[in-house]
Structures are given as structure tokens and as C-alpha cells.
Amino acid sequence: MRLATRRTLPQGITALLALTSPFAPPGNAASFQKDVVVRVLDDDKVKLEALGTVQLAGIRTPTRGVPDCYARVPFVRARALLPRGARVGVSFVEGGGAEIQLADGTSVNAALVREGYAKRRLRKNDDDALASALARAEAAAKREGAGIWTTCEADREVARPTFVATFDDVDFKPAPAKDFGDAPTVVRSCADFSAYEDALAIFERGTPDVRRRLDRDGDGVPCPDLPHTTNRELYRFKKRPSS
């Protein structure tokens, strides 16, 4: 009786396949696929060149039940961590979503939790490497009172202005001052802009349809989650028009 022999690939080829396979098990370094950031769409959603829209796994950015003195914007921090053109590694995890790592190995998911911009979201089979990293990050953020874990009593001890302008490192291209041509009619959403002032320039001169797209709640402030321009001469407050 002949026994079937199993052919094995050379060790070097096996390692290469592990690095390139999109089906490597989560938590393994080989499971990270290389990609490039197109833009951050939301607090926990990123558009990538090859993989398309990817949601950060294991985190949530609550808007209710947060301290009154908490005024951070997770979207702004996510854009700072994931600027356009950044090369990243992506590892999809069981239960949906993915972990995104920067070139230096920093987990964006864990960084947002560690700095107090997000909380850990429990997942099914929450026992992998990402879950452990998020648990450690949240414990440290709680211990230090970072971001969303701050107490307003401690916050009042620090004198600070009532309004602090946020200037991100963004690639801002100011729109023409008068003639926008077809621009106001082709705008799809706030994701088309890199800075609040850029969106505001279109909003003030756009058609009613464009204005509705940029101001979903109708409060007169278009794209309020966009960061401000880095050009202080073009800076404008985010405020509702006087009635």
C-alpha cells in the first residue's frame, strides 16, 4: 500500500506567501496588508486606495455621557494620525472592522483609545492581540484622566480660553474668491474638502442643493467636523449666522 506523500514548499516561499496572503490569521504580523490612505471619512472610518472604506475595529467615540468640559474632536485626531498618502498596514479582525497600523508600528485604534479620543468596544471573541492592546490603552487613559476620561473639576483648575482654534497640518488649497465655475454644483459631501474654510467658501456661494449637502442639520454651519485651515489669514470661526 502506497502512502501519499505531501509536498512542502521551501521555507522562503512559505514565508513570502504568508506576507502577501490576505487570509492570514488576525493578530499575526503577516496578516497586515499594505495600503495607502486616501482620506479619513469619520471618527472611525478611513478610505484606502486598495481596500476602500475600512472601519477601525474595537473602538467607539461616544457623544453622550461625556464630561461637559470635554471638547476634543476625534475626527481631527484621526486625520492627524492618518494624513493623505500615509502608508499603513491593515489587518481585518473577526467580528468586523480592522486594525490599522502606521509605518512605525503604532496602532491607530489603540492610539485613539490611549489618548482619550475613543473608548474600547467589546467584540465577539474579544481575546486577540488587538483586544489586549485596547484594554491596556483604555486602562492607562482612565488612570491618567486623558481626554474623554477627564473630570471637569480637575479641568477647571487649568485656566484656558473659552475658544481654542485648531490648526491641523492639512493640504489646504483656497478656492477662488469670486468665480467658482462648476464647483458648487459637483460637490457631493464634506469629504470633498480638507478644511472648514474651504467648505464655507463653497457653502456661501453654492446652490440650495449644495448648501443642504454641506449643512445636513440646517443650522447654518457647514461641515462643522472639518479642521480649520493652517493659514491664519483665512481662518474663520465656526458660528451660526445671527438671526
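1. Cys223 is buried, with a relative accessible area of 3%. Buried here means under 20% relative accessible area, exposed means over 50%, and partly exposed lies in between (1.4 Å probe, protein chains only). Cys223 is found in the segment after H8. Its phi is positive, about 50 degrees, although Cys223 is not a glycine. This is a predicted model: local features need pLDDT of at least 70, side-chain atom pairs count only at pLDDT 80 or more, and totals for chains, interfaces and linings use all residues. Residues are numbered from 1 along each chain as its sequence is written, and side-chain values use heavy atoms, with hydrogens and water left out.

2. Cys223 has a disulfide partner, Cys190, at an S to S distance of 2.1 Å. A disulfide is a pair of cysteine sulfur atoms within 2.5 Å. The structure holds 1 such link. The angle about the S-S bond is -85 degrees, and the link of Cys190 and Cys223 is left-handed. Cys190 sits in the loop between helix H6 (183-186) and helix H7 (196-205), and Cys223 in the segment after helix H8 (208-214), so the pair ties together parts that are 33 residues apart in sequence. Helices (H or I, at least four residues) and strands (E, at least two) are DSSP runs, numbered from the N terminus. Cys190 is partly exposed, with a relative accessible area of 23%.

3. Which residues line the largest cavity? They are Arg39, Val40, Phe75, Arg79, Arg84, Cys190, Ala191, Phe193 and Leu226. The structure holds 1 cavity of 30 Å³ or more. The volume of the largest cavity is about 50 Å³. On a 1 Å grid over the protein atoms alone, a cavity is a set of points where a 1.4 Å probe fits but cannot get out; lining residues have an atom within 4 Å of a point. Grid points are joined across faces, edges and corners, and a volume is the space filled by probe spheres set on the points.

4. Now the make-up of that lining. Strand S1 (33-42) and helix H2 (74-81) each supply at least two residues of the lining of the largest cavity. By class, the lining has 6 nonpolar, no polar and 3 charged residues. Ala, Val, Leu, Ile, Met, Phe, Trp, Tyr, Cys and Pro count as nonpolar, Asp, Glu, Lys and Arg as charged, and the others, Gly among them, as polar.

5. Arg84 deserves a look. Arg84 lies in the loop between H2 and strand S5 (87-92). The C-alpha atoms of Arg84 and Ser194 are separated by 10.0 Å, with the two residues 110 apart along the chain.

6. How buried is H7? Of its 10 residues, 8 are buried, so H7 is largely enclosed by the rest of the structure. The buried residues of H7 include charged side chains, Glu197 and Asp198. Tyr196, Ala199, Leu200, Ala201, Ile202 and Phe203 are also among the buried residues.

7. The sheet is open, with 5 strands in the order S3-S2-S1-S5-S6 and antiparallel pairing. Two strands pair if DSSP finds at least two bridges between them. Strand S3 (52-55) and strand S6 (98-101) stand at the edges, each with a single partner strand, so one side of each is left without a neighbour in the sheet. Neighbouring strands of this sheet are turned by 50 degrees against each other on average, direction ignored. Axes are lines fitted to C-alpha atoms, for helices over the stretch in contact, and angles run from 0 to 180 degrees between N-to-C directions.

8. S2 takes part in two hairpins. One joins S1 to S2 through 2 residues. The other is formed by S2 and S3, with 3 residues between them. S1 and strand S2 (residues 45-48) run antiparallel, joined by 4 bridges. In this pairing, Arg39 stands opposite Lys47 in S2. S2 and S3 also pair in the antiparallel sense over 4 bridges. Here Val46 has Val54 as its bridge partner in S3, and Leu48 stands opposite Gly52.

9. The faces of S2 split by cover. Val46 and Leu48 make up the covered face, and Lys45 and Lys47 the uncovered one.

Notes. On a 1 Å grid over the protein atoms alone, a cavity is a set of points where a 1.4 Å probe fits but cannot get out, and a pocket is an open set with protein on both sides within 12 Å along at least five of seven lines; lining residues have an atom within 4 Å of a point.
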